[in-house]
Amino acid sequence: MSTIDSKIPKGPLAEKWTNYKNTQKLVNPANKRRLDIIVIGTGLAGASAAATLGELGFNVLNFCMQDSPRRAHSIAAQGGINAAKNYQNDGDSIYRLFYDTIKGGDYRAREANVYRLAEVSNNIIDQCVAQGVPFAREYGGTLANRSFGGAQVSRTFYAKGQTGQQLLLGAYSALSRQIQKGSVKEYTRREVLDIVLIDGRARGVIVRNMTNGKIERYAAHAVVMATGGYGNAYFLSTNAMHSNGSVAIQAYRKGAYFANPCYVQIHPTCIPVHGDYQSKLTLMSESLRNDGRIWVPKKKEDAEAIRAGKLKPTQIKEEDRDYYLERRYPAFGNLVPRDVASRAAKERCDAGYGVAPSGLAVYLDFSEAINRLGKDAIKAKYGNLFQMYEKIADENPYETPMMIYPAIHYTMGGIWVDYELQTSIPGLFAIGECNFSDHGANRLGASALMQGLADGYFVLPYTIQNYLSDQIQVPRFSVDTPEFEEAERSVVEKENRILNIQGHRTVDSIHKDLGHIMWEYVGMGRTKESLETAIEKLKDLKKEFWSNVYVPGKVEDLNIELGKALRLADFIEIGELIAHDALNRNESCGGHFREEYQTPEGEALRQDEEYSYVSCWKYTGEGSAPELLKEPLDYEFTERKTRNYKN
Amino acid sequence: MAKSINITLKVWRQKDAKSKGHFETYHLENISTDSSFLEMLDILNEKLVDEHKEPIAFDHDCREGICGMCSLYINGHPHGYESEVTTCQLHMRKFKDGDVITVEPWRSRAFPVIRDLMVDRGAYDKIMQAGGYISVNTGGTPDANAIPISKEIADEAMDAATCIGCGACAAACKNGSAMLFVSAKVSQLALLPQGKLEAARRAKAMVAKMDELGFGNCTNTGACAAECPKSISLSNIARLNREFLCAKLKD
Ligand SMILES: Cc1cc2nc3c(=O)[nH]c(=O)nc-3n(C[C@H](O)[C@H](O)[C@H](O)COP(=O)(O)OP(=O)(O)OC[C@H]3O[C@@H](n4cnc5c(N)ncnc54)[C@H](O)[C@@H]3O)c2cc1C
Ligand code: SF4
Ligand code: FES
């Protein structure tokens with residue numbers, strides 16, 4: 001059995017990163033020019049890494065599927081980014097950000113990684129301000145902050161409801177500068193279909209040019225994947241339409257461990273599903289919970305009348321409203337972490353108190369905040385979110401409460417990496433949402449942007465040098481080697497296989513089936529039975545895909561359906577991994593809720609004795625069950641507690 | 001409340017940049033008015049695939065008005081007639097039963113058609129590469145609160161920074177000018193103390209690149225701002241002109 005080496009540096013928690021940097025190997029400037037690095041992805045993680053590596057003098061090849069690096073999914077992040085600046089003087093510190101993240105992750109993250117994240121968080125804010133990111137400010141000219149779930153301090157920096165956009169445009173501007181200088185070469189509308197290994201090391205990629213279907217090969221001394229999360233395995237999610245898990249699955253098939261796939265985050269405040277033609281779900285930022293209060297009617301009759309369209313929410317008297325989060329969790333109220341808030345919404349709806357015709361919605365109400373602060377103040381804070389809501393729901397949230405329901409949003413699980421962000425394949429690194437590293441079983445709001453930029457600006461550019469320092473003698477690779485030939489051959493074979501099925505089902509119709517299975521049986525509440533059912537159903541669905549999908553057109557052409565089909569094949573595999581992992585983990589923790597493991601009050605019940613480990617799944621071949629390797633999680637510096645948001 | 005409508009679509013189909021394009025007519029029935037415009041196109045594409053025909057190529061990604069990937073000229077307007085929305089935020093409730101809807105790609109010299117409704121907006125990236133940044137490397141930056149910036153200035157910079165780079169401004173302009181897009185970035189960075197130092201140089205480099213790439217001259221028609229889904233203001237163009245003049249005077 002392989003053993004897992006997470007390469008955590010020795011020493012006290014607060015000194016590990018400094019110790020690492022002091023002793024790691026570096027590459028001198030003259031040699032950097034001779035080293036090529038492929039970065040897949042231009043989201044916060046990919047763009048920041050590509051730009052920084054380019055600045056350092058490496059030769060970077062950067063890929064994305066969109067027509068411009070600026071359009072990566074990170075652009076859609078709304079609420080904000082955390083940092084331990086303590087500008088508000090409200091008791092924040094690096095340790096407190098570390099602690100909140102560990103606790104928010106339900107004690108399933110690595111202490112050393114999380115501490116490093118908290119440590120570099122402050123540099124990120126400095127960096128972004130220097131790039132011209134227009135963060136919100138106070139009248140006195142200093143930076144403003146807001147609160148996010150799972151924290152009792154205000155440490156979230158924001159740019160209206162468009163924080164991801166502004167941070168990504170900052171990284172994109174740094175990237176553009178390097179492209180101009182020639183240190184980064186940008187490849188847009190490209191889809192990486194495989195990673196090429198030579199002598200066990202990652203040395204290149206096979207790419208599909210999305211505008212003409214031609215296959216291209218690229219070689220490098222190291223490959224960095226920054227490809228985002230796999231939430232679209234559920235079909236409906238808050239992710240962008242092109243978000244996918246394909247590079248992760250290819251890496252897994254080549255030997256990279258897939259860690260904790262079952263840790264999927266369901267975000268409590270999304271616009272509810274309203275039709276079967278729907279293509280995605282829209283998030284209403286968590287920041288809204290600063291001022292919005294969540295409720296359902298106290299009386300079932302009222303809920304029924306609302307569902308039937310006979311009663312309006314504004315007609316429900318104050319005493320007939322159940323502010324269930326404030327009731328259940330007095331200390332954190334509406335600002336409990338996401339997993340807790342999502343389950344509480346599901347509990348109320350399952351019990352028959354849901355609103356909207358479907359009964360699958362709760363209210364997020366701003367009337368009290370509007371009365372207290374005035375409509376203008378609310379507009380200044382959340383104007384674009386309110387506008388977005390109105391466009392979709394056709395209701396004015398200044399006048400009537402928003403309707404929200406939980407939806408798939410983020411994947412904590414992902415490709416396993418060590419402290420250096422290197423996967424179990426030498427020379428293959430994973431950063432941002434596509435790795436598993438920092439959020440344990442549940443991510444706190446405003447921490448994904450922090451992690452993506454921490455990895456890309458401040459961690460990877462150091463750690464990758466420790467790997468590259470002994471690669472300086474390795475000459476540039478040719479893409480004509482047998483390994484590239486073979487990788488391209490198998491990619492083209494797969495494309496042709498899919499195209500030749502010529503069945504009766506469209507790609508989307510099968511993807512929707514996948515989504516239903518995942519949401520129904522591997523969603524917010526999981527049981528042994530539901531997971532076993534899912535695994536059976538997924539087997540059938542896989543068969544259905546490989547025997548009955550219909551993809552029109554040719555391989556060597558702009559073929560949108562073929563691209564979707566390739567991604568769907570991988571989503572089905574991810575679905576299977578999620579279900580397997582969830583079945584293995586006989587406990588409830590963070591986003592993974594097994595109904596068998598809960599307290600009498602319905603709170604998640606961890607089983608620390610047995611499950612305090614990272615599940616690392618190793619591919620063992622087509623049709624054979626993956627092998628489970630365990631990375632033990634030893635908590636040296638924090639005491640594991642039951643999460644308590646009540647008092 | 002959701003209703004269903006029947007519509008007729010006239011969609012521009014074009015194999016590639018060199019081929020001649022043409023309109024195709026499609027009829028769709030029972031489209032829910034709660035669906036978005038792009039979801040309506042998804043339904044049409046599902047139908048085309050079912051009939052073993054080639055689906056319509058169009059760009060999209062976030063489907064919530066922020067990535068700038070969607071485009072489309074709808075009934076003669078970029079992102080449709082409604083103001084302050086992108087195509088992906090446009091809903092079918094804005095249309096009536098029996099409507100005929102014309103859908104075309106961005107038409108602008110600098111944005112060649114790739115296929116059908118998909119165009120190449122790489123020129124906007126090239127303009128950004130010419131100077132749309134503050135020249136600062138990662139690390140070694142001062143504390144974020146070291147330079148106070150008044151709320152008014154920060155907000156104004158933020159308003160300019162909301163440009164999503166969609167290209168509607170150039171597509172709407174009879175001259176095919178990219179001035180609104182360029183001025184938004186120039187303004188954002190010129191307003192902030194961090195970006196002031198390079199303001200003149202930046203304006204000059206970006207404008208030169210814009211000219212080089214085949215965008216037309218700005219004659220102040222204002223069509224860009226009228227069609228911009230993010231309400232980027234014409235005042236940015238005035239600021240760009242000031243920065244540009246400064247740069248010229250220094251030459
Ligand atoms: C609606 C929404 C709001 C959010 N709000 C917040 C927030 O307020 N605060 C917060 O901290 N987090 C937030 N998040 C989470 C956060 O936005 C993401 O986790 C983060 O942006 C992911 O960044 P990334 O760089 O890892 O990946 P992404 O931004 O997803 O980028 C992935 C990149 O990889 C490329 N790529 C993918 N596959 C391939 C392939 N096969 N070939 C080539 N390229 C490929 C894509 O083109 C893209 O460039 C939000 C998420 C959503 C969905
Ligand atoms: S200025 Fe407006 S129309 Fe032009 S690219 Fe920016 S957002 Fe689009
Ligand atoms: S698809 Fe992103 S703005 Fe329309």
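In this predicted model, A:Glu191 counts as buried because its relative accessibility is 3%, where buried means under 20% relative accessible area with a 1.4 Å probe, protein chains only. A:Glu191 lies in strand β6 (residues 190–198) of chain A, strands being DSSP runs of E of at least two residues and helices runs of H or I of at least four, numbered from the N terminus. The side chains of A:Glu191 and A:Arg567 are joined by a polar contact of 2.8 Å.

Local features need pLDDT of at least 70 and side-chain atom pairs pLDDT 80 or more, while totals for chains, interfaces and linings use all residues. Residues are numbered from 1 along each chain as its sequence is written, chains are lettered from A and ligands numbered from 1 in the order in which they are written, and side-chain values use heavy atoms, leaving out hydrogens and water.

Between the two chains, the counts are as follows.

| Item between chain A and chain B | Value |
|---|---|
| Salt bridges | nine salt bridges |
| Polar contacts, both residues at pLDDT 80 or more | 45 residue pairs |

A salt bridge is a side-chain nitrogen of Lys or Arg within 4 Å of a carboxyl oxygen of Asp or Glu, and B:Lys15 forms one with A:Asp557, the closest N and O atoms being 3.5 Å apart. A polar contact is a pair of N or O atoms within 3.5 Å; within protein, one must be able to donate a hydrogen and the other to accept it, and residues adjacent in sequence count only if both atoms are side-chain atoms.

Note on methods:
Buried < 20%, exposed > 50% of the residue type's maximum accessible area, 1.4 Å probe, protein only.
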